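Dear colleague,

I am handing over the structure we spoke about, and I would be glad if you kept it open while you read the notes that follow it.

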Amino acid sequence: MKSAKQHFDLTKHAHTPGCSTTHAKTPITRRSAIKALGTAAATAIIAPTALSLAGCGGRLPRGGHPTDYYVSPYDWNGLVENGQRLDFYENGTLRSRWGIDVSEHQFDINWPAVATAGVEFAFIRIGNRGATEGRLGVDDYFLQNAIGAAEQGIAVSGYFFSQALNEQEVAEEVAFTLEQVAQAEKMGCSFEAIAYDHERVNVEGARANDISGEQLTRNAAAFCDEMLMAGYNTLIYGNKRDLLRLEYNTLTSYPIWFAEYDVNEPTAPFDFVIWQYTNSGAIPGISTRVDLNMWLV
């Protein structure tokens, strides 16, 4: 195994499955940890990377996009496959957790069997906005899945599938999401994070497929900011194409949940905290194919 690039031990910020993390605001990315350390520490860590990009002259190459000069903080030689499970090791130490994301499309789930399979965290779809008419709806299995996972000691997070056209509709989605989350919390569930998920959909008359990158940026930032104000960790979900539509400042200001399949290692030209590495996992207790994720800590 090659030696990894300099990396912060964020294990202290990673939440242990089964522990209550409601309304936690602990940093969940390497960048967040750097910010938490303060300006002096951040300068000491970031400066060498900037210099390596700039060369002896101390300037970045002209033209292009900041992502063109991105250098990952991780040495992906540390990826280890164990059947379907994907782990990341750094200097011989495990630096990741393994999990899934599910919705009503997985139907009834046998959560004890899922826990026995080694799943450590689960993102549960909270709800969505309709792709054509724009109606808000709760996922049919949200409460069942959230409570079922929590009862087995699996760390629970949630996500909302947005088709918002503007910030006003995002505010509606946030209020709806928080209402559903509050119901689950009353039943003993806690949430590690709540993610924003906007995707183009292959449906005739889809209302939000053609919103501009600028509007998508404002929508994602508005959702995340409202979640942070409500006391929840938050992330932005997407694949490379969708995430690169975001303005760079927003892309680098919030934790990213990155989807990329059928590759030996992730190719994102930006930091991310979760890699959704396949949408065709087979997990005991789940009757359908399911997304598998690796959460870096």
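Which residues does Ile 100 touch, not counting residues up to four places away in sequence? Please keep in mind that this is a predicted model. In it, Ile 100 touches Trp 111, Val 114, Val 119, Phe 121, Ala 122 and Phe 123, and also Ile 283, Ile 286, Val 290, Asp 291, Leu 292 and Asn 293.

Ile 100 also belongs to the largest nonpolar core, which has 59 residues, and it is listed with Trp 111, Val 114, Ile 283 and Met 294 as having the most contacts inside that core. Helix H6, residues 213-229, gives the most to this core, with six residues. Apart from it lies another core, of 14 residues, among them Phe 121, Ala 155, Leu 235 and Val 273.

After H4 comes Gly 153, whose phi is positive, near 80°.

For the protein as a whole, the secondary structure comes to eight helices and twelve strands, and 52% of the 297 residues count as buried. Of the contacts between residues at least 6 apart in sequence, 64% join residues at least 24 apart. The accessible surface comes to about 13700 Å², and 49% of it belongs to carbon and sulfur atoms.

With best wishes

Conventions: Residues are numbered from 1 along each chain as its sequence is written. This is a predicted model: local features need pLDDT of at least 70, side-chain atom pairs count only at pLDDT 80 or more; totals for chains, interfaces and linings use all residues. Side-chain values use heavy atoms; hydrogens and water are left out. Helices (H or I, at least four residues) and strands (E, at least two) are DSSP runs, numbered from the N terminus. A nonpolar core is a set of buried Ala, Val, Leu, Ile, Met, Phe, Trp, Tyr and Cys residues joined through side-chain atoms within 4.5 Å. Buried means under 20% relative accessible area, exposed over 50%, partly exposed in between (1.4 Å probe, protein chains only). Contact means heavy atoms within 4.5 Å. Accessible areas come from the Shrake-Rupley method with a 1.4 Å probe; for residues, only the protein chains shown count as cover.
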